[in-house]
Amino acid sequence: MIQFLRVTGGRAHSVWHAHQNEALSRATMDNNPSVCETMLLDVPKSVAPQAQKFTAVFIKLFEHQWKTYEGQKKVSTSYQYILYEFYANSNTHSKMSARKFCVGGNWKMNGDQKSIAEISKTLSGAALDPNTEVVIGCPAIYLMYARNLLPCTVGVAGQNAYKVAKGAFTGEISPAMLKDIGADWVILGHSERRAIFNESDELIAEKAEHALAEGLKVIACIGETLDEREAGKTNEVVARQMCAYAKKVRDWTNVVVAYEPVWAIGTGKTATPEQAQEVHAFLRQWLTDNISKEVSAALRIQYGGSVTAANAKDLAKKPDIDGFLVGGASLKPEFVDIINARQ
């Protein structure tokens with residue numbers, strides 16, 4: 001399938017589009033998504049000799065009526081990977097857009113079945129930017145519930161995970177458990193875990209190491225307090241936190257770093273786009289100096305800290321801001337506007 005997307009030729013786009021429409025029509029009439037899947041998997045054989053470069057027409061697959069995870073996963077599992085491969089490997093995008101924009105919603109200890117159903121309905125009905133990866137950090141008790149309601153193209157994340165697979169650790173959750181119920185991400189190192197639960201840089205890095213080894217993707221949080229910023233220690237603090245991760249992480253492919261100035265989280269205060277960009281640029285250089293140029297160029301760095309629909313577009317214009325980790329606003333309809341900040 002991937003080879004089909006990479007070859008060049010003449011009429012593949014129109015042939016594929018016609019085949020796709022027929023498949024979706026058949027599936028709708030039969031009320032059977034597997035019909036669509038079977039037909040779409042057959043299409044490369046018929047168009048490979050004429051194939052041209054992959055286009056965004058594949059995205060239309062995800063606009064079909066199966067909006068929930070259970071419905072979509074039968075049709076789209078193969079195509080999520082295809083879309084990822086295209087955007088990850090395309091050399092037609094700018095250097096900035098080559099790092100796929102990633103927006104995370106951290107619900108923290110908020111939500112119930114009713115509100116989660118409403119948020120999921122909003123996201124399912126919205127036209128989300130296909131060039132933006134979306135991840136929802138849901139309370140652990142509702143992870144499976146949210147997974148079944150959210151669009152298949154939206155990832156789900158645990159908000160914490162311990163550093164070992166199992167054992168006598170009352171109240172803890174392992175990466176294996178998160179994966180078992182459909183989560184593919186975990187948020188680690190959030191300032192609330194550091195401040196309230198006294199998690200050290202070293203413990204957080206060990207958690208990240210284990211989560212990655214278990215196959216989860218990690219949103220690795222860092223950030224300075226107001227006292228540290230006023231003392232001029234912002235770079236020193238985030239460098240120390242990154243050093244701890246770097247001692248344990250060998251492959252950064254499945255890591256997204258989230259820079260969250262602690263003084264801006266839930267306070268209504270936001271770092272200006274210039275302040276945020278300054279720290280992101282420092283982090284990019286730190287990665288070049290301490291990891292590699294390749295990791296520096298590829299690693300996505302989110303900004304978090306009172307991100308709203310009102311300020312998201314200005315923040316998203318900065319070259320080293322590759323997405324957001326959103327708190328309170330991710331519980332509201334305006335989260336759609338934040339996801340679409342680069343449109």
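Predicted model: local features only at pLDDT ≥ 70, side-chain atom pairs only at ≥ 80, totals over all residues.
A salt bridge, as I use the term today, is a side-chain nitrogen of Lys or Arg within 4 Å of a carboxyl oxygen of Asp or Glu. With that in mind, please look at Asp201 and Arg194, which form such a bridge with their closest N and O atoms 2.6 Å apart.

Residues are numbered from 1 along each chain as its sequence is written, and side-chain values use heavy atoms, with hydrogens and water left out.

Are Asp201 and Arg194 buried or exposed? Both are buried, where buried means under 20% relative accessible area, exposed means over 50%, and partly exposed lies in between, computed with a 1.4 Å probe on protein chains only.

A search of the whole structure finds 15 salt bridges, and another one of them joins Glu206 to Lys163, with 3.0 Å between the closest N and O atoms. This pair links distant parts of the chain, since Glu206 sits in helix α10 (residues 201-213) and Lys163 in the loop between β3 (154-158) and α8 (175-180), 43 residues apart. Helices and strands here are DSSP runs numbered from the N terminus, a helix being H or I over at least four residues and a strand being E over at least two. Glu206 counts as partly exposed because its relative accessibility is 25%, and Lys163 is likewise partly exposed, at 30%.

The side chains of Asp314 and Lys317 also meet in a salt bridge, at 3.7 Å from N to O. Here Asp314 is partly exposed because its relative accessibility is 43%, whereas Lys317, at 60%, counts as exposed. Elsewhere, salt bridges that share partners join Arg99, Arg284, Asp320 and Asp322 into one network.

Let me turn to the second largest pocket. A pocket is found on a 1 Å grid over the protein atoms alone, as an open set of points where a 1.4 Å probe fits, with protein on both sides within 12 Å along at least five of seven lines, and its lining residues have an atom within 4 Å of a point. About 570 Å³ of space lies in this pocket, a volume being the space filled by probe spheres set on the points, which are joined across faces, edges and corners.

By class, the lining has 13 nonpolar, six polar and four charged residues, with Ala, Val, Leu, Ile, Met, Phe, Trp, Tyr, Cys and Pro counted as nonpolar, Asp, Glu, Lys and Arg as charged, and the others, Gly among them, as polar.

Most residues other than glycine have a negative phi. Asn198 also has a positive phi of about 55°; this residue lies in the loop between α9 and α10, and it counts as exposed because its relative accessibility is 64%.
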